[in-house]
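Please open the structure in your viewer and keep the selection panel at hand.

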Amino acid sequence: MKVYDVTLIPGDGIGPEITEAAIGVLEATGLAFEWDRQLGGISAMEATGNPLPEATLESIRRTRLALKGPLTTPVGIGFRSINVALRKEFALFANVRPAKTIIPGRFDHVDIVLVRENLEGLYMGREQWVEVDGDPHGQAESVAVVTRAASERVIRYAFEYARSHGRKKVTVVHKANILKFTSGLFLTIAREIAAEYAGTVEMNDLIIDNCAMQLVMRPETFDVIVTTNMFGDILSDEISGLVGGLGLAPGGNIGDEAAIFEAVHGSAPDIAGQHIANPSALILASAMMLDHIGETRAGDRVRRAVVATIIADRVRTRDLGGTATTREFGDAVAHRVA
Ligand code: NAI
Ligand code: MG
């Protein structure tokens, strides 16, 4: 039997609790995993003095696959975001965030996959001060870099994702009316790539502000979305809000060398250690990991088990109005999967 080597970073706050639940579900698929447990974030800082130890990087270089709990990034002081560092280190160029209605409510048929360029654009934070009339902070400038190579890679990934997942449409989101160079290049490349998929995957484009409005008016009309880093950062949170919030939102950071799967939410320090966190987002991220390694049937089983646990079994954690603990919810999903 094939054994899958996976780097496991339990992370900070609720990370270890939700990671245990996700492992229980993955083990219940009957597939064999070899977990290489590694440190990252505050817990790594406390244990080794380094928030991103070399051993963790070494492990991901070897396994090329990681399941990661949330990592706390201290505000202001201390180290920079380890998540951003990992994306850079392994050139994880596409951030994939699926959002699908689980609990019917305001929107019953949302099924959107957002693909966000993960390495460049305005999000790089390439900023500088410019002196104005003797005031050294009289002007602030921020540079957005959009390259043909990175745009092609992420847009092609989005179209390939659409084709291989039986999806019909890719919406390219931009601001090419104003940002004629950066957003213009991204849109031009999208049109070139879309031509290769004519007859298989349809393309349309929307200006970012209109897209933000359309998403809350008619979210059911969206399929796959591809956009630049900062627009994707904002839209992905908007989209997770359409389907019930952070407790249900998984994400994958995909590169040619490695892929890292995680929940969209953070370490939730306000509820850490109480065993009430919802592990669904990380469990759904685990299902994305199964898809990524070609175990799509197991991935589907995990997704169906999460839905059945929440809807049919009515087992829910506190954020969804239930009383189940993290472990009880994880065990219920694992039971469904097995
Ligand atoms: P957060 O996502 O940790 O928490 C926001 C709110 O949602 C809190 O009230 C929390 O209790 C709740 N929440 C989040 N996940 C939940 C879950 N699974 N079940 C139930 N409730 C849940 O965001 P916040 O507070 O802004 O960030 C906390 C820390 O996490 C920060 O240090 C931040 O930098 C880090 N962070 C890390 C991320 C990552 O590793 N990918 C992503 C986002 C934030
Ligand atoms: Mg964000």
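Which of the 20 residues around ligand 1 come nearest? Select ligand 1 together with its shell, where a residue counts as near if one of its heavy atoms lies within 4 Å. The nearest of these 20 residues are L71, G266, A268, D270 and N278.

A note on the model is needed here. This is a predicted model, in which local features need pLDDT of at least 70 and side-chain atom pairs count only at pLDDT 80 or more, whereas totals for chains, interfaces and linings use all residues. Residues are numbered from 1 along each chain as its sequence is written, chains are lettered from A and ligands numbered from 1 in the order in which they are written, and side-chain values use heavy atoms, with hydrogens and water left out.

Next, display the polar contacts of the ligand (a polar contact is a pair of N or O atoms within 3.5 Å). At G266, a backbone N or O atom is 2.7 Å from an oxygen atom of ligand 1. Select L71, where a polar backbone atom lies 2.8 Å from a ligand oxygen; at A268, a polar backbone atom is likewise 2.8 Å from an oxygen atom of ligand 1. On its own, ligand 1 has 810 Å² of accessible area (Shrake-Rupley method, 1.4 Å probe), and the protein covers 68% of this area.

Now move to the sheet. Strands here are DSSP runs of E with at least two residues, numbered from the N terminus, and two strands pair if DSSP finds at least two bridges between them. The open sheet holds 10 strands with mixed pairing, in the order β2-β1-β3-β12-β11-β4-β5-β10-β8-β9. Its edge strands, β2 (32-37) and β9 (202-207), each pair on one side only.

Select strand β10, residues 224-227.

Strand β5 (residues 111-117) runs parallel to β10 and is joined to it by 4 bridges; V115 has V226 as its bridge partner. Strand β8 (residues 169-174) also pairs with β10 in the parallel sense, over 4 bridges, and V173 is partnered by T227.

Methods:
A polar contact is a pair of N or O atoms within 3.5 Å; within protein, one must be able to donate a hydrogen and the other to accept it, and residues adjacent in sequence count only if both atoms are side-chain atoms. Buried means under 20% relative accessible area, exposed over 50%, partly exposed in between (1.4 Å probe, protein chains only).
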